[in-house]
Amino acid sequence: MNFRIIRNDILKSKAISFTTMVFVAVSAMLVSLAAILVVNLSGAIDTLMTQAKTPHFMQMHSGEIDTARLTSFAEQHTNVEEFQVVEFLGIDGAQIMLGDQSLANSVQDNGLSVQSEKFDYLLDLNGHIIHVSDGEIYVPVSYRKNNATEVGDRAVISGKEFIVAGFLRDSTMNSTLSASKRFLVSSNDYADMKNLGSMEYLIEFRLKDFSAIGAFETAYATAGLEANGPTVTYTLFKLMNAISDGMMIAVILFVSVLVVTIAFMCIRFTLLAKIEDDYREIGVMKAIGLRLSDIKKIYLSKYITIAATGSIFGYILSLVFQGRLLENIRLYMGESENASFAYFFGIIGILLVFLAIILYVNFILRSFRKISTAEAIRFGTSQEKSASAKYFSLSRNRLFNTNTFLGAQDVLVRKKLYATSLMVLVLSTFIIIVPQNLSNTISSNSFISYMGIGNYDMRMDIQQTDNISEKADYILKTMNSDSSVSKAAVFTTKTFKAKTEEGTEENIKIELGDHSIFPINYSEGRAPTEENEIALSTLNADELSKKVGDVITLVMEGKEKNLSVSGIYSDITNGGKTAKAVFNDHTADVMWSIISVEFSDKSIVEGKVTQYANLFNFAKVSAINEFVSQTFGSTINSVEKASTASVAVALIITVLVTLLFMKMLVVKDRHSIAVMKSFGFTNADIRVQYISRSIIVLIVGIVVGTLLANTLGEVLAGAMISLFGASSFTFVVNPLSVYLLSPLLMVCAVLIATIIGTSNAGKIKISEHIKE
Amino acid sequence: MNKIIIGDHLVKSFGEGDEKHNVLSEVTVEIKEGEFVAVMGPSGSGKSTLMFALSGMDSVDGGNVFFDGKNLSAVEEKELSDIRRTKMGFVFQQPTMLKNLNILDNIIFPSMRDNRKNVANILEKARVLMKRVGIEELESRDITQVSGGQLQRAGICRALMNNPKIIFGDEPTGALNSKSAQEIMDIFSEINASGTAIMLVTHDAKVAARTERVMFMRDGKIVSELKLPKFVGTDIDARVEEVTAKMREIGI
Ligand SMILES: Nc1ncnc2c1ncn2[C@@H]1O[C@H](COP(=O)(O)OP(=O)(O)O)[C@@H](O)[C@H]1O
Ligand SMILES: [Mg+2]
């Protein structure tokens, strides 16, 4: 009996049951997708890093190297499992041709390496260690996406010809966020080319116990070993590998939370309306002595049916869509070993959604207890009081036409009813705007200021050469005489020794220069302005456990120098461990210099980059927007995808909920509609009334949603951005799309849904609802 | 005298296939301008259906309805609405009021649709009517705060707002006690005296006795008709007796 009642009930309210099911399905799909992606991503990263045997500690170094000293350090340190020095032969991008594409514009440091001997292997796309033959070259997988090079293409590097034999995964440098890219060639070819590039060393260690990495780093620094370059640890490699897809997962999670909320509200709303409709029957059932739990069971089983169907569909959908979202992970990191686990977690996610829905329905059904038998039978409904209606009297209305007035008044009188639909519209607006703002923000030029890079147009790196200071001065002088340059500044990075809490010494790279010219964003504090001030990157501050105001002691030529921490910023450059200060120093050697340049006219940047690249052949000249698009490109891409998807999801939600809501309203209002029609209101009049209701709710929804998006949404997005280490965060808003296009889309969605949803109002027969 | 409404061989059926049955079978009715008629008959005989067909609120499956010379079957929904709004008035058994609106707003809302510029006139007219039916004190009351009789009076005011050519009343006194019913009938008589045609559906011989012509329906047909002289406030008992005698005669 129960089954037939449920089936009939679901069939009778097809639209409503269907919409509810769609929401459950979408919620389930998103939750399951998020679970599948998280498991796959973490699994794939683990697999990649295990197969490649990623180093636990890597010190990049350019300049003289004393391998014997390093080897003896490795032998003496008990925690070292394996040690190796990998050579990285830096080649200027202009000297690299892949097919007919040149890498001249690449902001990456491209270079050649041979396959490592002990660990840090370069893997092919099947996860196997590559054995490369003479004349073959393997290309970093990121170039497969960007340049569309194909296997079998000809590659010319510094005049020597290779055949692209395949693509490689590099567990340390895969991410576009990592500044270097290794191309793999055979030892013979490498030996031939050794003097055609600039040599850099990757000093790599695998530890027996990774948890003691801190002690190892200290020991390395204290030993005064080679340290002319960034230091990177296993954790950072992992983070870099995770971040692009991690952002996408974060957006999906965020949207799924919202959609689940909306599904709940839909259920609440339809269930309450249904109870209201069935009020009299419930009262009668109560009166003839049916147990409340029996009645409850009928409702509950209906929602179990809907939720179960929705969940199953959602799961299937998530399986359909996962492939597309996993593409990037698969390409860069390969299959996860525990992929089947992922499906299991997807199911768990869906079960959670399902259970939550059933509990929620149960919770709403508690209101059954409050139904008074007498009231239910006598009045058929619980009487809604309309206190505020008095202030909105038709006889006093001069402003609106009568249909608009009737629509507006209905919204004001039945606030509770419209509150649900308002909430949904607020959420939809939120879902549309926040990812859009996020995506706009991270693709904007100023975003890099959260990443420890000032807002300039062109940068020139001088590295691995002699007389860096003189060359930098020469460049700066040239810049100052170029009238199209509006600002230019030199930053010089040097390594110093800092004393740790335990009294040991650790290397710290400090970028010296005037940091007020191209300000960056500080998550805490401010830029250093005095001689005795220093700003630390988040990673450095964490490692040294320093806060703003703390003092850090440098040891320079045996003398101690105290600096107070003026601010903390996030940084993705140079392994994330950097510092900024303004003091003058002649004690330490220059590791590298950067000249940052801003032009008054942005359109000439490209030309200037080419011009100066030719002029200063000792420097690497790059446009900063090129740098941004190459470094964050895939992240921006993921977030953009997610933001487009959110817009679509939000619009679908809006249409469905509005449709559902309007259909329900028409059913609820059939009597009033019949009355109005009997007194000569046309179908068009009725439609105008419903459109006014929708539009009023929509306007409030858009306003509230936009406000929330720019406040709460900013905080949430900030939390997401803090994956990168930044905390103080403001949206860069594209007003055209956020304040014009998005609301317009919402208006269209709501209008269409309202017109379709109320089309039944025209079919309401007066006679069927008033005839005695 | 001109005919305000002609229903010509009206057929209306409900249901499909085996269940299909004619609720109106070839009913022909004419109502003259200013005439006061009643329709009587057992429950389910098709009285309401006839009234809804004549007023264009319900379509017919056969025959034609002419209102003021216009064939309603050939007219668009929009124009039908216009005719109802400007030339007809309705009073139903249950108070068909909009829940959101107070008494005054319920009376004026159909007029406000077209003549918002003339709010002052509309309000004045509504207040005159309310005074005439004795509910002038109640204008800003909520519809849940007045009695059934008072609501019905408000309904009459609403029906009169547009100076209709005809008022349709589907058992307008059906839900009222006999005292209220008589008061409402007094109002109808008064309205009719000022020239508005009225068509009432009723079970109540006392109500029918006030009209000039009573049509008796059974099984979707008009089976008989009784003509009475215009009611001038006298002989009510004799008229009621005449109606009940007729009802006995045809077995209703
Ligand atoms: N919308 C409808 N659908 C099906 N049958 C209907 C409908 N409206 C009326 N009927 C049937 O038509 C017949 C006449 O109804 P009605 O005109 O309301 O009678 P009366 O008003 O004389 O009591 C009844 O048998 C009723 O069941
Ligand atoms: Mg009837």
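**Strand pairing and nonpolar cores**

In this predicted model, Tyr138(A) stands opposite Leu184(A), a residue of strand 10 of chain A. This placement belongs to the pairing of strand 7 of chain A, residues 136-140, with strand 10, which runs in the antiparallel sense over 2 bridges. Strand 10 of chain A also pairs with strand 5 of that chain, residues 109-113, here in the parallel sense and over 5 bridges. Leu112(A) stands opposite Phe183(A) of strand 10.

Strand 10 comprises residues 180-185, and because 6 of its 6 residues are buried, the strand is largely enclosed by the rest of the structure. Both of its faces are covered. Ser180(A), Arg182(A) and Leu184(A) are buried on one side, and Lys181(A), Phe183(A) and Val185(A) are buried on the other.

In soluble globular proteins, nonpolar side chains tend to be buried together. The largest nonpolar core of the model has 192 residues, and those with the most contacts inside it are Ile166(B), Phe188(B) and Met199(B). Helix 7 of chain A, residues 234-277, contributes the largest share of this core, with 21 residues. Apart from this core lies another, of 22 residues, which includes Val24(A), Val31(A), Ile267(A) and Leu271(A).

The contacts of Ile166(B) were listed without counting residues up to four places away in sequence. Among the residues that Ile166(B) touches are Ile4(B), Ile5(B), Ile31(B) and Phe67(B), together with Lys87(B), Met88(B) and Gly89(B). Ile166(B) also touches Thr196(B), Ala197(B), Ile198(B) and Met199(B).

How values were computed: Residues are numbered from 1 along each chain as its sequence is written. Chains are lettered from A and ligands numbered from 1 in the order in which they are written. This is a predicted model: local features need pLDDT of at least 70, side-chain atom pairs count only at pLDDT 80 or more; totals for chains, interfaces and linings use all residues. Side-chain values use heavy atoms; hydrogens and water are left out. Buried means under 20% relative accessible area, exposed over 50%, partly exposed in between (1.4 Å probe, protein chains only). Helices (H or I, at least four residues) and strands (E, at least two) are DSSP runs, numbered from the N terminus. Two strands pair if DSSP finds at least two bridges between them. A nonpolar core is a set of buried Ala, Val, Leu, Ile, Met, Phe, Trp, Tyr and Cys residues joined through side-chain atoms within 4.5 Å. Contact means heavy atoms within 4.5 Å.
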